[in-house]
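I opened this model to look up a few places in the fold and note what is there. My entries follow the order in which I looked.

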Amino acid sequence: MRSSPTILHLDMDAFFATVEQASKPSLRGKAVVVGGLGPRGVVATASYEARVFGVHSAMPMAQARRLAPNAAYLVPRFALYRSISEQVMGLLRDLSPLVEPLSLDEAFVDLEAGGTAWDEQSARLAGAKLRADIRAVTGLTGSVGLAASKMLAKIASEQAKPDGLVLIEPGTERALLGPMSVRTLPGVGPATGDHLRRAGIHTVDELAEAGEDELVRLLGKAHGHALYAMALARDERPVVAEREAKSVSVEDTYDVDIHDRVRVGTEVRRLADRCVRRLRGAGLSGRTIVLKVRRYDFSTLTRSETLRGPTDDPAVVREAAARLLESVDTTGGVRLLGVGISGLADYTQEDLFAQAAGVREDTLAEEPEAAPAEERQAPTERLWPAGHDVRHAAYGHGWVQGSGLGRVTVRFETPHSEPGRVRTFRTDDPDLEPAEPLPLVTRRPGEGERAGTGGVGSTSP
Ligand SMILES: [Mg+2]
């Protein structure tokens with residue numbers, strides 16, 4: 001392990017919810033929940049104000065509504081989040097060629113590889129400058145963790161939240177980790193956590209005291225070894241740049257949506273075989289099986305499962321893909337299916353952990369940009385997802401606060417206006433149309449500031 005805290009972990013604070021608050025002045029300081037609004041929807045991000053009520057990511061939306069009935073419930077605007085994410089990732093790539101994104105709002109950066117930092121002081125400066133740059137470019141806050149390993153850098157950014165920076169000095173890692181819950185370690189999910197608790201192991205110190213042999217006995221060889229190393233704060237995993245993460249995948253688009261569940265299963269098996277042929281053709285094997293499904297409404301989701309070891313066995317890949325398919329609702333019809341295998345080149349501990357965590361759902365890959373499949377709304381109401389942008393011929397730019405029964409309620413405000421007023425229209429009002437999101441940060445004069453983004457009429461009666 002390196003001797004300087006030059007691995008940086010960036011995590012934007014309550015990203016989706018913060019973007020919504022920055023866009024919508026009336027929601028600043030208020031509980032905001034972003035996610036799928038259908039009966040089976042889950043929370044993607046809750047603002048800090050909503051977390052006070054116990055609302056958190058991956059919680060069923062119905063439960064969130066019980067806990068925080070007065071919060072604003074919004075459908076994600078992925079195109080906007082993605083464009084802001086690209087700005088943030090661009091700032092990270094200025095620091096180092098080794099940037100490993102984990103999601104739209106989270107990434108590891110190897111500062112040493114970029115020559116940006118080589119010791120504690122230079123790392124701290126780089127982290128502070130990054131946070132300032134992110135705020136200037138996006139108007140949003142991100143938290144930074146700095147440490148000598150990926151595991152500790154991620155723990156540090158968690159401690160830094162919100163809007164902070166924490167650096168873990170090399171040599172202090174074990175003392176810091178010791179009293180923490182075993183759940184702090186990467187890959188210790190609820191199941192492994194329960195398993196360890198039944199064995200009387202609650203903290204990282206207790207994990208280290210149990211010893212390697214006992215952990216191997218409890219969790220199996222790969223997971224036991226890896227977890228013991230983590231408990232001693234040993235984490236040698238390198239930061240892997242995105243373009244180096246290799247995968248082999250195949251996909252098919254169908255002219256006519258497939259509704260028949262059996263046919264979907266057959267297609268997935270066929271794609272799994274084709275993917276394995278391609279994998280073998282390249283002389284490779286891989287550990288993570290990925291299933292991609294695009295549904296009739298263009299919502300695309302991916303499911304992945306990481307195996308204990310690399311495989312090029314078609315039966316193993318077929319079975320994994322079939323298991324992943326079980327967790328996907330295809331009742332509305334399927335227009336595209338894909339099967340991929342990744343984790344080809346590097347055999348890292350992180351992936352061994354993922355195996356114990358079982359099926360992982362990549363909520364960020366889910367893009368219910370239209371109404372979620374489970375929301376069987378009338379076509380006109382589909383145009384007006386809560387939180388999305390609209391423009392009215394007379395009142396200007398606003399966002400949908402709610403719709404139903406042939407009516408849509410719009411709040412007229414923009415990122416730089418005062419909190420705006422609400423007006424209600426018929427859903428087929430010809431003066432009302434969907435609009436593109438407005439930028440959160442206006443360019444300085446001379447850099448091409450656009451006229452009219454101030455939301456003319458947004459506060460007029
Ligand atoms: Mg985040």
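Below are my notes on the chain as a whole, then on single elements and residues.

**Entry 1. Ground rules.** I am working with a predicted model, in which local features need pLDDT of at least 70, side-chain atom pairs count only at pLDDT 80 or more, and totals for chains, interfaces and linings use all residues. Residues are numbered from 1 along each chain as its sequence is written.

**Entry 2. Whole chain.** I found 15 helices and 18 strands in the chain. Helices (H or I, at least four residues) and strands (E, at least two) are DSSP runs, numbered from the N terminus. Of the 461 residues, 42% count as buried. For burial I use C-beta atoms placed from the backbone: 20 or more others within 10 Å of a residue's own make it buried, 12 or fewer exposed, and anything in between partly exposed. I also looked up contacts, where two residues qualify if their C-beta atoms, placed from the backbone, lie within 7 Å. Among contacts between residues at least 6 apart in sequence, 63% join residues at least 24 apart.

**Entry 3. Helix 1.** Is helix 1 enclosed or open? Eight of its nine residues are buried, so helix 1 is largely enclosed by the rest of the structure. I listed the buried ones as Phe15, Phe16, Ala17, Thr18, Val19, Glu20, Gln21 and Ser23. The cover over them includes strand 1 (7–12), strand 2 (32–35), strand 3 (43–46), strand 4 (72–74) and helix 4.

**Entry 4. Helix 1 against helix 4.** I checked the axes of helix 1 (residues 15–23) and helix 4 (residues 78–95), which come within 11 Å and cross at roughly 100 degrees. That makes the two helices roughly perpendicular. The classes are under 35 degrees for roughly parallel, over 145 for roughly antiparallel, 65 to 115 for roughly perpendicular, and oblique for the rest. Axes are lines fitted to C-alpha atoms, for helices over the stretch in contact, with angles from 0 to 180 degrees between N-to-C directions. Phe15, Phe16 and Val19 of helix 1 meet Leu80, Tyr81 and Ile84 of helix 4. By class, this contact has six nonpolar, no polar and no charged residues. Nonpolar covers Ala, Val, Leu, Ile, Met, Phe, Trp, Tyr, Cys and Pro; charged covers Asp, Glu, Lys and Arg; the others, Gly among them, are polar.

Entry 5. I traced an open sheet of five strands in the order 5-6-1-7-8, with mixed pairing. Two strands pair if DSSP finds at least two bridges between them. Strand 5 (99–103) and strand 8 (165–167) are the edges, each pairing on one side only. Neighbouring strands of this sheet are turned by 15 degrees against each other on average, direction ignored. Strand 5 and strand 6 run antiparallel and are joined by four bridges. Glutamate 100 stands opposite phenylalanine 108 in strand 6. Helix 6 (residues 150–160) lies across strand 1, strand 6, strand 7 (142–147) and strand 8, at about 140 degrees to strand 7.

Entry 6. Which feature does UniProt place at Glu106? The unreviewed entry gives "active site" there. UniProt positions are in the numbering used here, feature names are shortened, and annotations may be inferred rather than shown by experiment. Glutamate 106 lies in strand 6 (residues 106–110). It counts as partly exposed, with 19 C-beta neighbours inside 10 Å. Leaving aside neighbours within four places in sequence, glutamate 106 is in contact with Leu10 and Asp11.

**Entry 7. Serine 4.** This residue sits in the segment before strand 1. Serine 4 is partly exposed, with 19 other C-beta atoms within 10 Å. Serine 4 and alanine 148 are 144 residues apart in sequence, yet 5.5 Å apart in space, C-alpha to C-alpha. Not counting residues up to four places away, serine 4 touches Glu112, Trp118 and Pro170, among others.

**Entry 8. Strand 12 and its partners.** Strand 9 (residues 247–258) pairs with strand 12 (residues 334–342) in the antiparallel sense over eight bridges. Aspartate 252 is in strand 9, and its bridge partner in strand 12 is leucine 337. Aspartate 252 counts as partly exposed, with 14 C-beta neighbours inside 10 Å. Strand 10 (residues 286–295) also runs antiparallel to strand 12, joined by eight bridges. Isoleucine 289 stands opposite isoleucine 341 in strand 12.
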